[in-house]
Amino acid sequence: MSKRFLSFVVLALGTLLVLAACGSQATPAPAAVTKAPAAVTKAPAAVTKAPAATQAPAAATKAPVLKGDVIRGGVLYDNWIEALGVEAPEGDQPLWKTQTTNTRTGADTWRCKECHGWDYRGVAGAYGKGSHKTGFVGVWQVTGQDANDILATMQGSTNPDHNFSKVMDEQALIDLSLFMSENLVDDTSLVSADKTAIGGNADSGKSVFNENCTECHGPAGLALNFSDETGPEYVGTLSKDNPWEFLHKARFGQPAVADMPSMVDLGLKDQEYVDLLAYVQTLPTESLITEGGVLYDNWMAALGMEAPAGDQPLWKTQTTNTRTGADTWRCKECHGWDYRGAEGAYGKGSHATGFKGVAASASLSEADITAWLNGTKSADHNFSDAFKEPQIKMMAAFIQGGLTDTSAYINADKTVKGGNIDHGKELYNGVCKTCHGADGKSLNFGDEAAPEYVGTIASDNPWEFWHKASVGQPGKAMATGLNLDWKPQDFADLLTYAQTLPTK
Ligand code: HEC
Ligand code: HEC
Ligand code: HEC
Ligand code: HEC
């Protein structure tokens with residue numbers, strides 16, 4: 001699970017509201033009705049073993065037809081803690097200690113998928129080996145069972161240590177039970193042991209992807225990086241590494257991410273999933289320019305590293321910028337958001353250092369840029385403790401191909417030349433709104449006393465806004481405009497609109 005995931009917890013409530021609003025029609029009631037008699041015989045067990053269950057008395061006479069949201073059930077199966085926006089229960093799930101092969105602890109041990117697998121087959125499936133192996137059974141076998149029976153299992157009827165009614169409400173358990181009864185898919189017919197899609201048609205999958213996924217993930221699947229720059233992860237990466245996880249998330253959506261569609265909700269057929277998987281597995285798994293761009297912004301955040309001790313050694317050769325510590329190690333602090341150093345926006349103000357920009361370095365060879373980063377060109381300009389070969393490649397690609405000259409679009413007084421506000425609004429609402437909200441105030445980068453929103457940055461520092469809209473935010477899953485194939489005019493349009501959003 002990516003660490004970036006956490007940033008979406010704030011969106012959980014919104015997601016749940018949306019899901020709750022559109023959930024109730026999802027239950028195919030007739031199937032449940034015909035199967036109800038089976039539940040009647042089993043109901044007494046539930047009464048004795050789960051006295052807390054509120055529907056138990058009714059079940060003793062006639063099992064109720066459970067109503068709920070199977071899509072939400074699928075999302076809860078993935079990660080109910082994230083999806084419900086609750087704290088993980090203390091310690092490990094009680095059944096965890098009955099196995100020794102999977103050494104994870106805490107929140108992970110409470111996820112259904114951690115014990116039962118992305119392919120729903122537990123020890124009989126992909127989690128039969130590797131670091132996720134627990135030896136526990138899958139849930140595939142409950143397909144088609146009466147949801148009332150499954151619900152009883154979730155409430156501890158077969159094993160008190162499998163009682164989840166202590167940690168989530170009954171509706172969540174009902175949604176999970178309906179999901180398992182009605183919406184598990186037989187992954188062994190979709191994915192082969194070598195992880196390829198069985199009988200998938202990548203051409204057809206391309207249409208499914210373009211219709212449903214490119215708006216957020218980009219035409220090549222590179223617009224959202226789920227991990228950090230130590231090992232970037234895109235939809236293409238995940239589809240190859242873990243096709244079962246990919247399929248589950250494509251079918252139900254991502255916990256706590258508002259707006260990611262569910263293909264089950266949209267009524268896709270099994271063949272369409274295989275096609276989608278086959279296509280996504282052909283997508284690239286690296287995006288050196290944007291990866292380098294977030295390193296340029298803040299490589300410590302992008303690599304999840306502590307700042308080196310003290311100031312960057314070159315820092316003492318200037319006196320005008322009085323920052324200290326981590327800030328002095330950021331490329332942008334010396335070379336500017338506009339890449340023009342002392343000749344650009346950092347030519348004056350508290351960020352002025354007098355250092356040159358990197359705009360002219362776009363014509364340097366990869367070897368020369370490498371020499372600038374590993375101390376060969378200048379002993380005090382050495383980042384090799386943090387940048388290994390992959391990061392040097394990212395940085396070089398960004399310097400060679402990612403430095404947009406914004407001077408044709410942004411005036412010295414921070415206004416924008418020739419931006420089309422209507423088109424900018426379209427881009428904002430299509431991409432940024434998902435996370436930042438229609439007014440840009442869903443995420444506050446400052447604090448309560450001094451809030452800072454996407455509108456604040458757009459107005460105060462249009463160069464920073466442009467950079468981040470192009471390559472994303474270090475350490476967070478954020479859309480990258482360059483991987484949505486946006487051209488400079490698109491960024492200028494977006495900026496024009498973003499400058500009209502509230503700044504406080
Ligand atoms: C710590 C591991 C663990 C977690 C987490 C876990 N389970 Fe289980 N589950 C088991 C084990 C072990 C069994 C087997 C028998 C038993 O003791 O009940 C089981 C049994 C089941 C069964 C019954 C299977 C059958 O054949 O009748 C269902 C359904 C089920 N779990 C669903 C879930 C769901 C949904 C979640 C998430 C809310 C979940 N489990 C979380 C370990 C786990
Ligand atoms: C409205 C925007 C949006 C759309 C449309 C969208 N996604 Fe997502 N998706 C996201 C966001 C945001 C994340 C979360 C990234 C994170 O948490 O790191 C995500 C995460 C994922 C993940 C899991 C990442 C992980 O490892 O946790 C997969 C797989 C995925 N999406 C596949 C798809 C597929 C396939 C489609 C089309 C069928 C799609 N998405 C459509 C926004 C979207
Ligand atoms: C503390 C300030 C500082 C930081 C931080 C910094 N640089 Fe520099 N950089 C300089 C200075 C000063 C020079 C010019 C050195 C010289 O000419 O001897 C330079 C030169 C360069 C050059 C060569 C420019 C040319 O002359 O062609 C490149 C490329 C470069 N830096 C990239 C980066 C990157 C990428 C980062 C972040 C990993 C970074 N710098 C971080 C101060 C800094
Ligand atoms: C998938 C979610 C997501 C999408 C889509 C997204 N962002 Fe962000 N954005 C974030 C997160 C998370 C942060 C970091 C918030 C924090 O650090 O508190 C962020 C931060 C920012 C910041 C400022 C960060 C700072 O440190 O000052 C800007 C500017 C920004 N986003 C602009 C945009 C623009 C413009 C778009 C549309 C092109 C966009 N974002 C799309 C999630 C997203």
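## Around ligand 2

Ala, Val, Leu, Ile, Met, Phe, Trp, Tyr, Cys and Pro count as nonpolar here, Asp, Glu, Lys and Arg as charged, and the others, Gly among them, as polar. On that scheme, the shell around ligand 2 in this predicted model splits into 15 nonpolar, five polar and four charged residues.

That makes 24 residues around ligand 2, and the nearest are Cys213, Cys216, Phe226, Asp259 and Ala477. Where does ligand 2 lie relative to domain 1 (3–184) and domain 2 (194–280)? Both domains give residues to its shell, so ligand 2 lies between them.

## H11 against H12

Helix H11 (residues 243–252) turns up again here, packing with helix H12 (residues 270–280) at an angle of about 125°, their axes 11 Å apart. The two helices are therefore oblique to each other, and H11 passes H12 in a right-handed crossing.

On the H11 side, the contact is made by Pro243, Phe246, Leu247, Ala250 and Arg251, which meet Tyr273, Leu276, Leu277 and Val280 of H12. Eight residues of this contact are nonpolar, none is polar and one is charged.

## Around ligand 4

Ligand 4 has 19 residues around it, with Cys432, Cys435, Lys476, Met478 and Ala479 the closest. Twelve of the shell residues are nonpolar, five are polar and two are charged.

Which helix gives the most to this shell around ligand 4? H17 does, with five residues. Helix H17 (421–436), helix H18 (454–460) and helix H19 (462–471) each supply at least two.

Methods. Residues numbered from 1 in each chain as written. Chains lettered and ligands numbered in written order. Predicted model: local features only at pLDDT ≥ 70, side-chain atom pairs only at ≥ 80, totals over all residues. Near = placed C-beta within 6 Å. Helix = DSSP H or I, 4+ residues; strand = E, 2+ residues; numbered from the N terminus. Axes fitted to C-alpha atoms, helices over the stretch in contact; angles between N-to-C directions. Parallel < 35°, antiparallel > 145°, perpendicular 65-115°, else oblique. Left-handed = near helix turned anticlockwise from the far one by under 90°. Contact = placed C-beta atoms within 7 Å. Domains from an automatic or database assignment.
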